[in-house]
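Please examine the protein shown here with attention to its sheet, its aromatic side chains and its pockets.

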Amino acid sequence: MIGNPPWDKVELLEKEWFSSRRPEIANAKTAAKRKQAIRKLEEADPTLFKLYRHELRSTDGVRHFARDSGRFPYGSVGRVNTFGLFAEIAFGTISDRGRTGILLPTGLAVDDSYKEFFQHLVDGNRLISLFDFENRKQLFPNVQGNVTFACFTIGENIDGEIAMAAQLDDPSQLADPERRYSLSKHDIKRINPNTRTCPIFRRARDAQLVRHFYACHPVICTESNPPANPYDLRWRQGLFNLTSDSGAFRTLE
């Protein structure tokens, strides 16, 4: 299964929706004035107002279904985006021996909102490769240059090593051994034990060094149960706090 699904927030954006229908509403100076103009449509243009309410209800229905139906336990977190829903459909549709190659925002691997989805793929040995790109060279001409996306390959990962490359701007760079590296689920858990999101490295050498560092030394603090604090660090709001440390302060006199 191969695809490049839409990346759209499941919400009705008033400025975009009214831009071609009622530009004066879309171009309102403030959101409050825009909402006031929309309410006036009920009398001024009841047909358009009814269409707007229908679209609003439809969008809310999709978002409600995605979050509350149980169909998308991983892809519907935070502000629901269609790419998360399509990713979960692709993952759930292939057989145990099938594969899917899918273009998605890199956020699926690095954002806190999708960390449980990423953990699910990694812990189940279902993530085969992840190649991260930046759109600086306009690989997608109609997409902004600062947008990042990744080629995810999902299926049965027999040896458990995930092939990776990051911050690429041209597919030809995938042939460069200095840009490609691999991480296991144990590496990811060791490097990012709290978030379990994907660590990103520009060079293979960087990945090797970080993997070595974390194998030798524990992280500062883990959010395990119970929490681990191997360096016995204590957290404070500043070196001295005027409230909690008031007894340590003296006036000039």
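The report below treats the sheet, the aromatic contacts and the pocket in turn.

The model is predicted: local features require pLDDT of at least 70 and side-chain atom pairs pLDDT 80 or more, whereas totals for chains, interfaces and linings use all residues. Residues are numbered from 1 along each chain as its sequence is written, and side-chain values rest on heavy atoms, with hydrogens and water left out.

**The sheet**

An open sheet of mixed pairing is built from six strands, in the order β1-β2-β4-β3-β5-β6. Helices (H or I, at least four residues) and strands (E, at least two) are DSSP runs numbered from the N terminus, and two strands pair if DSSP finds at least two bridges between them.

Strand β2 has two neighbours to consider. It runs parallel to β1, to which two bridges join it, and I2 has G101 as its bridge partner in β2. On the β4 side, β2 (residues 100-105) and β4 (residues 148-154) run antiparallel and are joined by six bridges. There, G101 is partnered by T153, and I102 by F152. Burial is judged by relative accessible area (buried under 20%, exposed over 50%, partly exposed in between; 1.4 Å probe, protein chains only). Because five of its six residues are buried, β2 is largely enclosed by the rest of the structure.

Between β1 and α1 (14-19) runs a loop that contains L13. L13 counts as partly exposed because its relative accessibility is 36%. The C-alpha atoms of L13 and L56 are 9.4 Å apart in space, although the two residues are 43 apart in sequence.

**Aromatic contacts**

Across the whole structure, 11 aromatic pairs are found. Rings of Phe, Tyr and Trp (its six-membered ring) pair if their centres lie within 6.5 Å; planes under 30 degrees apart count as stacked, over 60 as edge-to-face and the rest as tilted. Two of the edge-to-face pairs are tabulated.

| Pair | Centre to centre | Angle between planes |
|---|---|---|
| W17 and F18 | 4.9 Å | 80° |
| F240 and F249 | 6.4 Å | 80° |

Both W17 and F18 are buried. F240, in contrast, counts as exposed because its relative accessibility is 56%, and F249 is partly exposed, at 39%. W17 and F18 also belong to a cluster with Y52, linked by ring pairs.

A charge sits over a ring if NZ of Lys or CZ of Arg is within 6 Å of the ring centre and within 35 degrees of the ring normal. R21 lies over the face of W17, 3.9 Å from the ring centre, and R71 lies over the face of F72 at 4.9 Å.

**The largest pocket**

The volume of the largest pocket is about 360 Å³. A pocket is an open set of points on a 1 Å grid over the protein atoms alone where a 1.4 Å probe fits, with protein on both sides within 12 Å along at least five of seven lines; lining residues have an atom within 4 Å of a point. Grid points are joined across faces, edges and corners, and the volume is the space filled by probe spheres set on them.

The lining comprises 18 residues, and W7, D8, K9, V10 and N81 lie nearest the pocket centre. By class, seven lining residues are nonpolar, five polar and six charged. Here Ala, Val, Leu, Ile, Met, Phe, Trp, Tyr, Cys and Pro count as nonpolar, Asp, Glu, Lys and Arg as charged, and the others, Gly among them, as polar.
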